[in-house]
Amino acid sequence: MTPEGFDAARVTLAAETLVAKRRKGVGRAWPRIADALGDAFSVQFGVFASQFPPHPAGPFHDGLAFARQLDRRGELPPAAVPEYVNAR
């Protein structure tokens with residue numbers, strides 16, 4: 001729900017822009033995960049971002065939380081496992 005006096009379309013656009021910025025940061029910090037997921041990275045990270053706030057320590061830790069979530073669900077791509085294991 002958009003607060004009174006705010007343009008809902010602009011609020012939505014701002015939210016989408018912030019998620020895109022967050023996704024790009026995680027993609028730079030975790031290139032193997034982003035590459036291994038391919039086009040699914042955007043969708044899967046969007047779902048993650050809608051459920052979890054950004055990590056206060058930045059994109060690396062945000063990506064680690066994303067990787068943990070993928071691992072818990074059995075969706076961590078094999079090509080991304082070395083990057084994840086080295087980060088834990």
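Helices α3 and α4 pack at an angle of about 100°, and their axes lie 11 Å apart. An angle from 65 to 115 degrees counts as roughly perpendicular, so α3 and α4 are roughly perpendicular to each other. The model described here is predicted.

**Contact of α3 with α4**
- On the α3 side, the contact is made by F41, Q44, F45, F48 and Q51.
- On the α4 side, D62, A65, F66, Q69 and L70 take part.
- Sorted by class, the contact of α3 with α4 has 6 nonpolar, 3 polar and 1 charged residues.

**Contact of α1 with α3**
- Helix α1 covers residues 8–29, and its axis comes within 10 Å of the axis of α3.
- The two axes cross at roughly 115°, and the crossing of α1 and α3 is right-handed.
- From α1, the residues V19, R22, R23, V26 and G27 meet F41, S42, F45, G46, F48 and A49 of α3.
- The class count for α1 with α3 is 6 nonpolar, 3 polar and 2 charged residues.

**Nonpolar core**
- In soluble globular proteins, nonpolar side chains tend to be buried together.
- The largest nonpolar core in this model has 17 residues.
- W30, I33, F41, F45, F66 and L76 are the residues with the most contacts inside this core.
- At least two core residues come from each of α2 (31–37), α3 (40–51), α4 (59–72) and α5 (81–87).

**Surroundings of W30**
- Leaving aside neighbours within four places in sequence, W30 is in contact with P59, F60, G63, L64, A67, E83, Y84 and A87.

Notes: Residues are numbered from 1 along each chain as its sequence is written. This is a predicted model: local features need pLDDT of at least 70, side-chain atom pairs count only at pLDDT 80 or more; totals for chains, interfaces and linings use all residues. Side-chain values use heavy atoms; hydrogens and water are left out. A nonpolar core is a set of buried Ala, Val, Leu, Ile, Met, Phe, Trp, Tyr and Cys residues joined through side-chain atoms within 4.5 Å. Buried means under 20% relative accessible area, exposed over 50%, partly exposed in between (1.4 Å probe, protein chains only). Helices (H or I, at least four residues) and strands (E, at least two) are DSSP runs, numbered from the N terminus. Contact means heavy atoms within 4.5 Å. Axes are lines fitted to C-alpha atoms, for helices over the stretch in contact, and angles run from 0 to 180 degrees between N-to-C directions. A crossing is left-handed if the near helix is turned anticlockwise from the far one by less than a right angle, and right-handed if clockwise. Ala, Val, Leu, Ile, Met, Phe, Trp, Tyr, Cys and Pro count as nonpolar, Asp, Glu, Lys and Arg as charged, and the others, Gly among them, as polar. Angles under 35 degrees count as roughly parallel, over 145 as roughly antiparallel, 65 to 115 as roughly perpendicular and the rest as oblique.
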